[in-house]
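Work through the exercises below with the structure open beside you. Try each task before reading its solution.

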Amino acid sequence: MSDERKDESTDLPKSPKWIWPFWTAVFVVLAFLIPNSWISDVKDVYGSDSATAFSSEVAALDDALLKGRPVQKTWDEVQRLKPQIMARRLARISKLSETQVGELTLLLRESQNRINAEATESGKRGQEKFRNEQIQSKFTRIHKAAIGPTLSKVERDIVANTPNGNVNAACENCHTSFMPNFDIVNPSPEDLWPRIPSKALSGRGLPILMDSLDLDAFKSGLGGEQSEFTCQTCHTSHGDKSFAVDIEKRRDAMGLWIEVYRIEDAVYVLAKVKNAGASHRAPGGYIGRAYAVVVEAFEGDNRDGTPLPHFYGERLPEVLRTDSMQAGTMFWRRMLDAEGNLTSDHRKATKITDDSRLLGDRFVDHRYVFKLPEPEGKTAYNVIVRLVYLPDYTTWEGSEDVEVRIFKTG
Ligand code: HEC
Ligand code: HEC
């Protein structure tokens with residue numbers, strides 16, 4: 001049997017062993033000989049990368065970013081070229097004519113200006129979403145699902161490959177942001193931020209994002225090793241999945257401890273808080289955010305009982321108070337508008353009165369006293385202490401309990 005098969009196969013004409021390597025070599029040589037203009041013609045139809053659509057400056061920069069090589073340009077220069085890089089990335093994955101590439105670049109540049117003009121992350125995200133939708137509707141050849149991820153990757157590549165490997169500088173570009181034409185007087189910037197060199201603050205206006213300044217100011221804090229920390233020691237860059245500071249991260253970073261005891265008709269509550277995870281003050285980010293310690297005390301053994309009157313200790317700002325939520329302390333940058341009302345919107349602010357945010361690795365204690373209805377007796381009571389994160393410190397909307405401690409008698 002096996003002999004028969006052998007005979008059959010020897011009947012077939014056999015090509016020499018070297019024939020495939022030979023043709024491959026011929027193709028490679030030919031590919032080098034084809035004039036460049038032919039290639040760009042073809043590429044104009046099948047994914048544009050022609051020298052005319054993108055300057056060699058943009059192409060070289062983008063290639064470096066794609067390969068993860070540090071780029072030889074300043075942050076500002078890269079930002080200026082970002083819309084072109086984004087257009088190039090989208091063109092790489094879709095068929096676009098040169099005219100379309102031009103239109104796309106223009107759209108990306110205009111949306112970049114709008115994104116930059118927004119002060120908050122949610123505002124920026126809204127503009128990004130709007131940009132992606134515009135691209136979707138105008139350039140139907142670009143695959144819908146690819147737009148967001150492709151453009152986020154550009155941002156990520158830029159941050160990761162900023163000159164000098166100085167990641168802090170890349171972040172600082174935004175994470176030290178001021179609203180100009182805002183005078184800080186009484187308290188002065190030196191009173192508010194004694195650790196930050198006054199030349200970093202004076203005459204620049206209201207700092208609405210100051211994580212980078214904070215990080216510099218607290219170098220000697222957290223474990224003494226902090227000078228080694230960059231933003232990316234703890235955060236990945238924008239666009240990355242694990243980037244958002246979520247409730248889990250806050251829980252890991254923030255500590256809350258309580259002590260409760262009764263003397264006659266008074267219930268004493270001691271709340272200790274610590275920012276054990278952030279090198280900058282907490283909360284980081286936009287000026288309108290806050291952490292709050294909220295202390296509630298009730299008769300009985302749950303929150304259905306009558307609230308005990310708050311007798312001593314700090315109180316929450318009026319806009320946040322409810323029947324039972326009176327006692328509490330804010331960790332925030334408190335701003336007032338022209339009428340002297342509390343505002344979390346820097347555009348309405350005319351004054352900043354404090355920065356009581358939590359320093360890295362420091363305990364902060366606050367005491368609160370509540371009154372029981374009768375001096376002796378056996379009234380049962382319970383105390384609930386929460387550390388709450390407020391994305392907007394003028395409302396409970398969107399707030400999250402980071403830590404909760406409950407004390408009950410008996
Ligand atoms: C183009 C401007 C810009 C650059 C550059 C930038 N950021 Fe941001 N980032 C922002 C803004 C604006 C926010 C929103 C702050 C807020 O809303 O509290 C933000 C938010 C964040 C947040 C919180 C996000 C969340 O969802 O919880 C982190 C963490 C952060 N940035 C880290 C970084 C790091 C690390 C770098 C550098 C590698 C960096 N950023 C560079 C503008 C920027
Ligand atoms: C040692 C770790 C560490 C370093 C270094 C660090 N952060 Fe943070 N960051 C945190 C933690 C933990 C939080 C959450 C606690 C809080 O609200 O501040 C946070 C919160 C933030 C927030 C607010 C996010 C939100 O939604 O509350 C921003 C923005 C931010 N960091 C930016 C930066 C930037 C920019 C740098 C560099 C200048 C930096 N961080 C350096 C740990 C760090």
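The exercises go from the whole chain to single residues and then to the ligand shell.

This is a predicted model, in which local features need pLDDT of at least 70, side-chain atom pairs count only at pLDDT 80 or more, and totals for chains, interfaces and linings use all residues. Residues are numbered from 1 along each chain as its sequence is written, while chains are lettered from A and ligands numbered from 1 in the order in which they are written.

**Exercise 1. The whole chain**

Task: State how many helices and strands the protein chain has, and what share of its residues is buried.

Solution. 
- Step 1. The protein chain has 13 helices and 12 strands. Helices (H or I, at least four residues) and strands (E, at least two) are DSSP runs, numbered from the N terminus.
- Step 2. Of 410 residues, 31% are buried. A residue is buried if 20 or more other C-beta atoms lie within 10 Å of its own, exposed if 12 or fewer, and partly exposed in between, with C-beta atoms placed from the backbone.
- Step 3. Take the contacts in the protein chain with a separation of 6 or more: 67% of them come from residues 24 or more positions apart. Two residues are in contact if their C-beta atoms, placed from the backbone, lie within 7 Å.

**Exercise 2. A helix pair**

Task: Describe how H4 and H5 cross, and list the residues that meet.

Solution. 
- Step 1. Two packed helices are described by the angle between their axes and the distance between the axes.
- Step 2. Helix H4 spans residues 56-66 and helix H5 residues 75-93; their axes come within 10 Å and cross at roughly 80°. Axes are lines fitted to C-alpha atoms, for helices over the stretch in contact, and angles run from 0 to 180 degrees between N-to-C directions.
- Step 3. H4 and H5 are therefore roughly perpendicular. Angles under 35 degrees count as roughly parallel, over 145 as roughly antiparallel, 65 to 115 as roughly perpendicular and the rest as oblique.
- Step 4. H4 brings Val-58, Leu-61, Asp-62 and Leu-65; H5 brings Val-78, Leu-81, Gln-84, Ile-85 and Arg-88. This contact has six nonpolar, one polar and two charged residues. Ala, Val, Leu, Ile, Met, Phe, Trp, Tyr, Cys and Pro count as nonpolar, Asp, Glu, Lys and Arg as charged, and the others, Gly among them, as polar.

**Exercise 3. Backbone features**

Solution. 
- Step 1. Pro-187 sits in the loop between strand S1 (176-179) and helix H10 (189-192).
- Step 2. Pro-283 belongs to the loop between strand S4 (266-275) and strand S5 (290-299).
- Step 3. Asn-181 is not a glycine, yet its phi is positive, about 55°. Asn-181 lies in the loop between S1 and H10.
- Step 4. Glu-264 is exposed, with 10 other C-beta atoms within 10 Å.

**Exercise 4. Two arginines**

Task: Are Arg-250 and Arg-281 buried or exposed, and what do they contact?

Solution. 
- Step 1. Arg-250 is in helix H13. Arg-250 is buried, with 20 other C-beta atoms within 10 Å.
- Step 2. Leaving aside neighbours within four places in sequence, Arg-250 contacts Val-245, Tyr-389 and Val-402. From Arg-250 to Pro-283 the C-alpha distance is 9.5 Å, across 33 residues of sequence.
- Step 3. Arg-281 is in the loop between S4 and S5. Arg-281 is buried, with 26 other C-beta atoms within 10 Å.
- Step 4. With neighbours within four places set aside, Arg-281 contacts Asp-214, Arg-357, Leu-358 and Leu-359.

**Exercise 5. The shell around ligand 2**

Task: Which residues come nearest to ligand 2, and which domains give residues to its shell?

Solution. 
- Step 1. There are 24 residues around ligand 2, of which Cys-231, Cys-234, Ala-253, Gly-284 and Gly-285 come nearest. A residue is near a molecule or strand if its C-beta atom, placed from the backbone, lies within 6 Å of it.
- Step 2. By class, the shell has 10 nonpolar, 10 polar and four charged residues.
- Step 3. Domain 2 (167-241) and domain 3 (247-408) both give residues to the shell, so ligand 2 lies between them. Domain bounds come from an automatic or database domain assignment.
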